[in-house]
Amino acid sequence: MKKKIKVCIINLGINNLHSIYNACLKAGYSTRVLEEKEKLKGNIVILPGIGSFSSGMLSIKKKKIKEKIAEYLSKPNSFLYGICLGMQLLFKKSFEFKKTDGLGLIDGEVKKINSRIVPHMGWNTLKFKKKKFHIKKFINTYFYFVHSYICHPKNHDNIFASTCYDKSNFCSIVKKKNIFGTQFHPEKSGLSGIKFLKSLKKFLD
Amino acid sequence: MNKNFIRIIPFLDIKNGLLIKGINLDGFRIMGEPSLFSDFYNKSGADEICYIDAVASLFGTLNLTNFIKKCSKKIFVPLNIGGGINSVDKINKMLGSGADKIVINTAAVEDPFFIKEASRIFGSSTITVQIQTIKINNNYYITKSSGRDIEKISPKDFAKKMQDYGAGEIIITSINHEGLKKGFDLKIIDEISSKLQIPCIAHGGAGCFEDVYNVINKTNITGVGIASLFHYEAMHYFKKINPRIGNINYLKSVKRKKKINTIKELKYFLKRKKINIRL
């Protein structure tokens with residue numbers, strides 16, 4: 001029997017752990033939630049999150065997750081995946097409510113969406129930069145977005161896919177080596193979201 | 001013409017663990033097991049699913065947690081949960097069970113600052129405020145506890161206040177139209193949605209596809225909440241269509257020559273009318 005891919009979910013306290021946990025199980029991963037005193041391990045580590053940037057960072061500091069992530073990323077075959085706020089936390093700083101420093105793994109900033117209706121809430125499609133074979137099945141597929149802030153990576157090579165909202169494009173998937181982040185919620189995007197979770201590993205190369 | 005992306009959201013009112021459907025938020029009829037309906041809507045392409053415990057605020061209970069836990073194992077679209085949520089602790093409990101967005105009505109009317117606190121902790125996009133509007137002698141007021149208590153506050157002012165306090169979304173329910181299947185209250189929905197900068201959902205009165213098209217076309221909403229139009233068609237898809245209690249004879253008497261998947265059909269209908277929608 002093929003060995004199952006191991007997924008570890010970081011618990012920041014404020015998030016919809018239940019949904020992500022169930023979606024990962026559905027995608028066929030052997031899934032567990034990180035315990036307080038444990039080190040990060042597994043083939044994929046997921047940093048989920050809903051809520052505000054500052055409360056997310058507060059929880060990261062309290063639970064010493066920054067150090068754990070740094071240690072995990074230094075290992076070979078590591079893969080960090082941030083969802084929604086989890087993606088935003090990867091960046092250097094955010095301007096939500098007040099200027100807050102993030103994890104700083106990707107150079108760039110998080111700023112408010114410039115549009116008439118905020119938050120951006122609903123289903124939307126992705127535009128990929130490079131059209132590789134395993135990406136093709138996600139063209140014209142809808143994913144569920146809900147956010148008021150967007151990421152602006154400094155280095156445009158880090159933009160893996162973008163999405164159009166109210167006539168302007170924003171970075172909806174970010175990728176820097178083994179660090180990956182999506183602004184949308186695959187765990188809330190129905191069957192296409194589960195498919196997306198299943199092919200996570202393939203996005204690496 | 002409304003260019004927003006439109007979400008189609010089935011509204012499931014729940015009382016004592018059973019799906020109910022009322023008229024003007026009153027006179028409930030038992031429809032059956034809610035999970036049957038929500039599974040069906042999930043498969044048919046609902047963009048979100050909204051559960052409201054219709055009596056929670058009245059009795060001060062919180063019954064939905066176990067139910068949501070079960071649902072979130074199978075349903076992978078956003079779940080909006082409401083009914084009797086009036087503290088940060090209860091929100092935490094709901095989110096922990098698998099809810100994605102929290103719908104607040106009574107607590108927002110009684111203590112508007114609660115919305116401020118909740119949105120600061122959980123983020124605006126998690127907090128949805130339901131505004132139940134009622135029309136009396138051509139004046140609009142808001143109500144709490146599922147339309148039981150009328151408060152002499154203008155829905156427009158209240159909606160604006162909720163937006164300023166950090167609500168991420170507003171559900172506009174028109175009690176006078178709810179359950180009647182005669183079309184939405186376009187006037188109040190337009191008045192509220194055109195003034196706000198947050199997403200608005202119209203709820204109450206969808207009777208046919210044309211009604212849904214009208215409310216999308218003539219107002220600035222981003223979502224439509226539908227109950228009767230879906231429930232009374234969906235029940236024909238289940239082997240055991242009837243609940244064990246309630247007015248079974250009526251439900252049995254509703255005969256259909258052909259089963260219609262109203263969510264799918266509605267979405268195709270709207271797409272043909274060039275509405276921005278997910279298929």
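A word on conventions: residues are numbered from 1 along each chain as its sequence is written, and chains are lettered from A, with ligands numbered from 1, in the order in which they are written. The model is predicted, so local features need pLDDT of at least 70 and side-chain atom pairs count only at pLDDT 80 or more, while totals for chains, interfaces and linings use all residues.

Chain B holds 12 helices and 12 strands (DSSP runs, H or I of at least four residues and E of at least two, numbered from the N terminus). Its radius of gyration is 17 Å, close to the 19 Å from the globule rule for 279 residues, so chain B is as compact as a globular protein of that length. That radius is taken over C-alpha atoms, and the rule is 2.2 Å times the number of residues to the power 0.38. Along its principal axes, the C-alpha trace spans about 50 × 40 × 35 Å.

Now, the helix pair. The axes of H7 (residues 155-164) and H8 (residues 186-193) of chain B come within 9 Å and cross at roughly 35°; axes are lines fitted to C-alpha atoms over the stretch in contact, with angles from 0 to 180 degrees between N-to-C directions. Pro155(B), Lys156(B) and Ala159(B) of H7(B) meet Ile188(B), Glu191(B) and Ile192(B) of H8(B), where contact puts C-beta atoms, placed from the backbone, within 7 Å.

Finally, the neighbour: 28 residues of chain B are in contact with 29 of chain A. Helices H3 (65-74), H4 (88-97) and H6 (113-122) of chain B each give two or more residues to that side.

Note on methods. Contact = placed C-beta atoms within 7 Å.
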